[in-house]
Amino acid sequence: MMYYCRKAGGLLVTLALVSLITFGVFQILPGNPAYIILGVDADPMQIEALEQSMGLDKPLYQRYFSWIRGLFAGDLGTSFRYQQPVSQLITSGLTVTGSLAVMTMLMTVLIGIPAGIWLAGHGGRKYSVGFSMLSQISLSVPAFCMGIFLINLFSVRLKWLPSIGYISWAEDPAGCMRSLLLPSLSIALGSSAVLIRYVKVSVTNQQKQDYVRTAYSKGLRKSKVMYRHVVRNSLIPVITILGMLTADILGGSIITENVFSLPGIGRLISVSISSRDLPLLQGLVLYLAVIVVLCNFAVDLVYSVVDPRIRLK
Amino acid sequence: MNSVCKVKNFSLSFVQDKKEYAAVRDVNMEIAPGEIVALIGESGCGKSVTALSMIGLQPENARVSGSIRFGDEELLTLNDREWSFYRGDRISMIFQEPMTALNPLIKVGKQIQENVLLHQKVTGEAAVKQVLEVLKQVGLPDVERIYQSYPHQLSGGQRQRIMIAMAFVNNPDLLIADEPTTALDVTIQAQIMDLMKKMNRERQTAVLLISHDLGVIRDLCSRVYIMYAGRVVESGPVEYVLKEPVHPYTRGLAAAIPSAGRRGRELESIPGTVEPLQRRSKKGCPFAGRCFGAQSLCHEETPHSYSYRGRDVYCHLSPAEIEKRSAERKADHE
């Protein structure tokens with residue numbers, strides 16, 4: 001119980017720091033938002049009026065707390081570019097990016113973990129050369145290149161899948177899956193290559209442990225030793241990697257969403273940067289940071305479920 | 001002799017970079033039902049791989065020849081599927097390191113229950129009952145709580161008791177114990193050995209005990225095999241072999257035990273060390289390089305065994321000659 005309390009306490013402190021840093025970074029950035037909105041030739045009176053209405057004339061700490069107060073009320077300000085509440089924009093982008101991320105994660109796990117286990121179990125020299133070439137390729141080709149290659153192959157030549165656009169789950173579940181298949185595959189190929197390597201190393205290490213010999217001495221056969229004893233122990237370090245891959249996948253989605261024209265968070269980020277839409281960008285950065293922090297918190301919780309030694313420490 | 005396990009002309013070599021290195025050569029050994037037999041030797045003499053071969057867990061780069069018979073079955077030719085009927089059911093094993101021999105993520109009770117369910121056709125509940133019973137037998141307190149414990153919550157001695165419970169739960173015919181007390185506190189060692197003896201008596205399980213502790217072996221075992229550099233050099237009943245050793249190596253070993261009678265005198269040691277696997281010569285007596293009585297024949301030909309007062313000795317010299325040379329050497333020293 002202490003473990004969970006400590007972890008939850010840590011989470012709150014981290015979130016507070018994240019909000020402070022996000023806010024701070026945007027204060028340090030050069031350029032007055034009022035100038036950006038009205039243009040450099042604007043009338044000083046107008047600028048002053050806008051600064052007042054945006055609260056830019058107040059001291060830093062007051063602005064920080066009013067921003068935080070807004071956060072709790074679900075109000076992240078209004079986007080300059082879209083003239084819509086930031087929270088509303090993020091929510092609409094979230095469904096797209098969320099389903100993309102979930103699908104990518106699923107693919108990564110479904111490819112990475114079984115392949116890693118299989119390679120550790122059967123991977124003599126026979127397969128390891130071929131595999132390491134494949135994984136080198138999928139690691140070194142960036143997700144957007146992979147995306148363009150996949151579009152070329154599956155949409156242009158084979159005409160199996162749509163190349164761009166997004167269909168929502170509520171509208172047409174099958175269409176939604178089809179529209180997300182290529183983008184998530186283009187990210188998942190890289191991240192599953194990372195995962196395969198970690199799983200393989202982890203399983204190989206665990207196979208040398210004494211308890212594995214004990215398991216054999218009980219009369220368990222190779223496959224059962226693997227699934228009852230080795231795999232669970234091997235997954236402990238792999239969980240950490242999954243947490244880190246979440247951040248990777250979110251990062252990968254920024255460019256991939258542009259390649260596939262998906263109206264998600266990634267698109268919003270690139271638009272908000274190019275149009276200097278600070279409230280929107282600030283909200284997006286905070287949102288991404290919070291997601292990553294929450295993922296790592298989830299990793300800690302999963303740890304404690306899998307490993308009894310952590311619960312009791 | 002009616003035996004549970006009979007090892008005949010057993011040899012084992014490790015294959016490395018396409019070269020073979022003989023680690024065990026022409027070992028003959030026999031274990032009778034319900035008997036405790038000791039296997040003694042320095043580190044690297046091949047006793048552990050011999051024991052592991054008896055349960056089919058020798059390293060993957062090991063090549064074996066000869067025969068290990070278990071009842072009517074030849075063990076060396078079993079495949080993975082056939083082994084699964086023997087391991088944990090009729091032959092079981094206890095390892096040296098109780099701290100790492102258990103799966104850290106599974107409750108110890110479950111780990112023992114796995115053994116029961118694997119080899120007996122019983123319900124989960126009946127298996128739990130058996131586990132609690134065997135936990136009581138190995139002298140653990142509060143067995144219900146122990147059942148629900150994870151390995152890291154138990155002490156080294158408790159974990160070794162768990163290993164013993166796991167090894168005995170299916171009433172095997174043969175138990176192989178590879179230095180089961182080496183990693184434990186001295187105070188716990190005696191308790192664990194007593195427990196092994198008790199389980200051996202109650203369940204009529206034959207035990208092959210690998211140990212360095214000659215004191216324990218004297219108390220517990222009926223017969224002993226002494227190995228040196230991959231070969232058995234002397235074997236026979238404990239009271240003969242350890243009390244009046246014949247083979248020069250056994251003599252050195254026995255002289256190296258501290259005893260009350262030799263209080264105040266310096267402990268004897270055997271000069272030199274065991275040759276590493278790669279540099280061992282293929283012919284001659286393995287001990288020749290360190291032996292006080294070695295002659296040119298000893299370096300050329302492998303000695304055959306002869307019987308002398310109830311034991312088998314593998315030496316070119318007769319007991320009288322060994323005695324004479326040993327006395328000469330002592331005189332030289334003084």
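Buried means under 20% relative accessible area, exposed over 50%, and partly exposed in between, with a 1.4 Å probe and protein chains only. The model is predicted; local features need pLDDT of at least 70, side-chain atom pairs count only at pLDDT 80 or more, and totals for chains, interfaces and linings use all residues. Residues are numbered from 1 along each chain as its sequence is written, chains are lettered from A, and side-chain values use heavy atoms, with hydrogens and water left out.

Helix α6 of chain B covers residues 156–168. Helices (H or I, at least four residues) and strands (E, at least two) are DSSP runs, numbered from the N terminus. In α6(B), 12 of the 13 residues are buried, so the helix is largely enclosed by the rest of the structure. Among them are B:Arg159, B:Met163 and B:Phe168.

B:Ser235 lies in strand β10 (residues 231–237) of chain B. B:Ser235 is buried, at 9% relative accessible area. Contacts (heavy atoms within 4.5 Å) of B:Ser235 include B:Tyr225 and B:Arg311, not counting residues up to four places away in sequence.

Aromatic rings of Phe, Tyr and Trp (its six-membered ring) pair if their centres lie within 6.5 Å; planes under 30 degrees apart count as stacked, over 60 as edge-to-face and the rest as tilted. The whole structure holds 9 aromatic pairs over all chains. The rings of A:Tyr64 and A:Trp67 have centres 6.4 Å apart and planes at 45°, so this pair is tilted. Both residues lie in helix α4 (residues 60–72) of chain A, 3 residues apart. A:Tyr64 is buried at 12% relative accessibility. A:Trp67 is buried, with a relative accessible area of 12%. A:Phe23, A:Tyr64, A:Phe65 and A:Trp67 form one aromatic cluster.

Technical notes: Expected span 1.5 Å × (residues − 1).
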